[in-house]
Structure formats: structure tokens, C-alpha cells
Amino acid sequence: MRVPAAGRLASVDGTGLAIAIACLLLAALTVLAGRVSPWAFVASGAALLAITAVAAYRYPRAGLAAVLVGPLFDRTLLDRMVPTNLTALSGAFGEMLLVVIGPAILLRALHEGRARRVLTGWPLALLLTFLVLAGVSALVNSVPPVVAVLGLTVTVDAIALFFLAPLAGVDLTRGSRIVWFFAIVIGIASLIAVLQALLGTTILGLSATAGRSGEGVRIGSLVGDPNAFGVLIGMVLTVPIAAAAFSSGRGRLLAVGFALVLAVALLFTYSRGAWFGTLIGIVAASLLTRQLRLLSYAVGIGLVALLLASVLPRDVLGSRPPQASPRAIGTGTPTTSATPSRSASPSASNIPSSDFLGSAIDRALRIASGSDLRARLVRNAGPILAEHPILGVGPGRYGGAVAAWYPTPVYRAYGTNKLLTYQIGFKKFFHQQTVDNFWLHLVVESGILGTLAFGGLILLPLLRIARATREATEGRVVLTAIVAAGLVGVFSSASTMLLEANAGAFPFWLLLGLGWSIVRLREVQAG
């Protein structure tokens, strides 16, 4: 027994271990420095980012994993560590990681000769086409440069992760590890969400969002936003479902158990958009990959999860009722989820309800009747798109976070501001700060041409990865899960701003990039 243990100890990468310890120590020092001085916090944080760049150059796949999970908890964990006068930095944590890790991986790829192969092909051409069309739209519509740049940045920054995966030389083995790592992280957050429902929503110092349709509270776990958390669960749920469908014995049982935890947590988010997006995405993935057993396992796991969530005891330890208050315009950085409004009084209950089917049917009926705010926003966007069909109204002018940060004339001209805001005295408050529909936001800002270029950048890799799952059995679990996760993200974006917010956009584009990298490497090896 001593020899294998000694062999394993000798195989440990001493440099990697030293860098990991240095990162942990610098992270702890940064938190402590924040208690002393903002300048000390900034200096220590800069040193931490510098050593992170060094680590990403030496270990590019680990860098991908870091930038994947970094933005997930910036609103819940980092906000508590950052000095109060620097809390805006926590919201930009994902961009900070991307800015230091991205160039490091690119330099490593240039050194090893991978960059040219990765940066040639249709994906980069489609991205450049989208950027050129957006620039033309900004000029035609006289969009201020700051608004145009910010509008483009929040839409395309995460796309860099799609290219970083092949630049990092990700193959099937390494890609599978990153996918499962992300699944486990979301699985832990999902388990905490289930415990919030079981024991109390305020365990571990967490909180919940007050429901607005009789569902009690909506649980966001460590992510905070239940809509974003719901879509993340839906994307990750495809991994254990695919593993259950294509495994046997103990592996299948473990995968089913993992999927049940995720599915129960998904129900407790009460994100109806995530529910519908997950269902439609898995159905579409089953048909596209011709793996119909994926659908049968998803249906079975979903029904069992619905039963478990309905009978699970609630709030055993007791918790405080959630607090909900409207957000005044101009009082902070907008988020991508809806905020409470006058017309939708939050429930006073601090316990999640069990009326999952009733809640889903109610939302579907409201959308069908046109009374849902998202449906009204779609109708309101019709005249805007009719007058700007080809190039749209320009980046940063409609529907996203930038349109909430900087007043847009489009809202005033077409009455969109009357749907998104209300006024008490001299102050205006948001019903919701975005249109909560990424595709509506994209087509109005970018027009038909820009939307086709952006959509092609997603559709082309998905079709290539789906074809690979049909042609080979090796890597079928991971590749099928990536296709399904991508489609869940695409359909869920019709009711969320998933592809604008870092917490959702970073995982979406990186998962797509991992699948693209695996498939391209196979094609190169096949000659």
C-alpha cells in the first residue's frame, strides 16, 4: 500500500499546488484587506487577478473552469466580501476573470500553434458579421458611442468563451471533466435549494424572492435570482439525464438520483420560463440527436420530481418572510430579472407552495390571453420592428440592461416606458428593468440581419455536435447533454435575458464551445 501512495504523492504537480495555495492565500488576504482599506482591497485583488492569469496560461483548462463558475455567485457571496463602496466590482467579477484568463489562454494557443486553426471557419465569420451589422445600425440610428459599445459588450463578451474552449485544446476527456465539474457545482447549489425549502429559506444566511402569483417564495439558492438559477438547472439537468439514458447499473442509479435533486430544485425556483424551456429543449434535443430514450428518462424523472416536491415537508426550522421592495430608476445597476410592481403584490408567505401545475397553467393562460407583461411587450415591439426591420434600432437602445442604464428615445417614442415603469410622486420605479426576452431584445436592436448572424453562430455548432452524437457512441453522454443544454438555453431565452447576463451566458457559450472543440478535434484526427 505504501508504494502506490508514494507514487501518487510524487505525481502531484508541485507548481500547480503552489499556485493554487497562493491563489487561496491571496483571496483570503483580499477579503481581509477590504476590511482595512478600499485601496488595499484593490491592490490585493489586482495581485490575485495577475496570479490567476499566470495559472490560466499554465493550466488553461483550469482557467476555463474558473471563468465558468466565477460569475454564478457574484451577487450572493462576493457582495458580502467586497467593501460597501466597491460593491459594483462584484457585478463585474465575471468580466475581470475573462479579461485576465482569456488573453492568457490565447497566448498559450499562439505559442502551441492552435490559434490559426481555431480562429478560422464560420463561427468567427458570423461573429464579425454580427459586429459589423451592429456598427452600421449604431451609425444609422445615431446611437451615442458609449451606449453602442456597452450594448454590444454585454451581448457578445461571453461569446469569447466559445472560442476559448478550442484555444485551450479541450478534447473529449478534458471537456467531460469541465462539464461534470459545472454540473456538480450547480448540483450543490440545487441541494442547498432543496434544503431551503425543507428546513427554511434563510438557512446559511440566504434569502428567497417573494412570489407574485401565489407561489409563496421562489428559491434562488447561492445564485440569488430564481429565474437565472432555474435556467442553469435546466441546462445542467441534461447531463445526468443523458448519463442515465446511456449508462447501466450503479452509474444509472447515481445519475437518476442526481437528476432528481436538480429537478426538485428547478420546481422550487418557480421559474415557469425555465420549466417550459427545459421541457421544449429536451424534446428538441431528443429529436435532433435521434436519441428518443433521452425524452423517456426526462419524463420519468420529471414526474417523480413533481411528486417528491409536492410531498416534501416545508420550513421545518422556520424562516423570516421575504422582503420585496420596488427598485427606483437610477438607484443601482439593473438586473435581468423582474422586480416587484404595484400590480403584483408579493405573497407574505415564506414557504414555497406545492401548486406547480396550477402555476404553470396560470402562466400559460396569461400569456395566451395577452395579459402577461412579456406578451404585452411583444405586441409593443411590433411597430418598432416594422419601422426598423433590417438593422433594428441600434445596440443598447432596447430591452437590455444598457437601455435601463441610459434613457432611450425608443421607449418614449413607442410607449415602452409605460409598460416597464410606473411613477410614485416624482420617482419612477421598474415593473421590470428588461423585456425579459433575449430574442425580442436582439431582433429589435439588431434587426433581422443581425439576428440571423447571431442565431447562426449558435445553430451551426449545435447541428455539428448533434450530427457527431448520431455518428459515434464515444462521448455520447457529454455531447448529447451539450446539445440539450444549448437548446434549453435557446428556448429559455424567450422568457429571460440568459444570453446577456454573465451567470447564464458564460456557461451557455462555454458548453457550446466545449462541444465544438471536441467535434473539431475529432474531424482533424479523422483526416
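Mentor: Begin with the surface, where helix 7 (residues 93-112) gives the most to a nonpolar patch, with 3 residues. Keep in mind throughout that this is a predicted model.

Trainee: Which residues form the nonpolar patch on the surface?

Mentor: The patch is formed by Tyr-57, Leu-106, Leu-107, Leu-110 and Leu-119, and their accessible area together is about 420 Å². Tyr-57 belongs to helix 3 (residues 38-58).

Trainee: How many residues of helix 11 are buried?

Mentor: Helix 11 (residues 160-167) is mostly covered, with 7 of its 8 residues buried. They are Leu-161, Phe-162, Phe-163, Leu-164, Ala-165, Pro-166 and Leu-167.

Trainee: Which helices do the buried residues of helix 11 pack against?

Mentor: Their partners are helix 4 (60-69), helix 7, helix 8 (115-118), helix 9 (122-140), helix 22 (438-471) and helix 24 (502-525). Helix 7 is also the main contributor to the nonpolar patch. After helix 11 comes Gly-169, with a positive phi near 70°.

Trainee: What does Phe-182 touch, leaving aside residues up to four places away in sequence?

Mentor: Phe-182 touches Leu-68, Val-69, Leu-72, Leu-232, Val-236, Pro-507 and Leu-511. Of these, Leu-72 is listed with Phe-182 among the core residues with the most contacts.

Trainee: Where does Gly-400 lie, and is Gly-400 buried or exposed?

Mentor: Gly-400 is in the loop between helix 18 (373-387) and helix 19 (401-405). Gly-400 counts as buried because its relative accessibility is 2%, and the cut-off for buried is under 20%. Beyond residues up to four places away in sequence, Gly-400 touches Tyr-411, Gln-433, Thr-434, His-441, Met-497 and Glu-500. Met-497 is 97 residues from Gly-400 in sequence, yet their C-alpha atoms are 7.7 Å apart.

Trainee: What about Leu-419: which helix holds Leu-419?

Mentor: Leu-419 is in helix 21 (residues 416-420). Leu-419 is buried because its relative accessible area is 15%. From Leu-419 to Leu-377 is 42 residues in sequence and 7.3 Å in space, C-alpha to C-alpha.

Trainee: What share of contacts between residues at least 6 apart in sequence join residues at least 24 apart?

Mentor: The share is 80%. As for the whole protein, there are 24 helices and 4 strands, and buried residues make up 54% of the 527 residues. The protein exposes about 22800 Å², with carbon and sulfur atoms supplying 68% of that area.

Trainee: What pLDDT does the protein average?

Mentor: The average pLDDT is 83, and 84% of the residues score at least 70. Over residues 323-348 the pLDDT is below 50, although this stretch has 68 contacts in the model beyond near neighbours in sequence.

How values were computed: Residues are numbered from 1 along each chain as its sequence is written. This is a predicted model: local features need pLDDT of at least 70, side-chain atom pairs count only at pLDDT 80 or more; totals for chains, interfaces and linings use all residues. Side-chain values use heavy atoms; hydrogens and water are left out. Patches are made of residues with over 30% relative accessible area and no salt bridge: like charges are joined within 9 Å, nonpolar side chains (Val, Leu, Ile, Met, Phe, Trp, Tyr) within 5 Å. Accessible areas come from the Shrake-Rupley method with a 1.4 Å probe; for residues, only the protein chains shown count as cover. A salt bridge is a side-chain nitrogen of Lys or Arg within 4 Å of a carboxyl oxygen of Asp or Glu. Helices (H or I, at least four residues) and strands (E, at least two) are DSSP runs, numbered from the N terminus. Buried means under 20% relative accessible area, exposed over 50%, partly exposed in between (1.4 Å probe, protein chains only). Contact means heavy atoms within 4.5 Å. A nonpolar core is a set of buried Ala, Val, Leu, Ile, Met, Phe, Trp, Tyr and Cys residues joined through side-chain atoms within 4.5 Å. pLDDT is the predictor's confidence in each residue, from 0 to 100.
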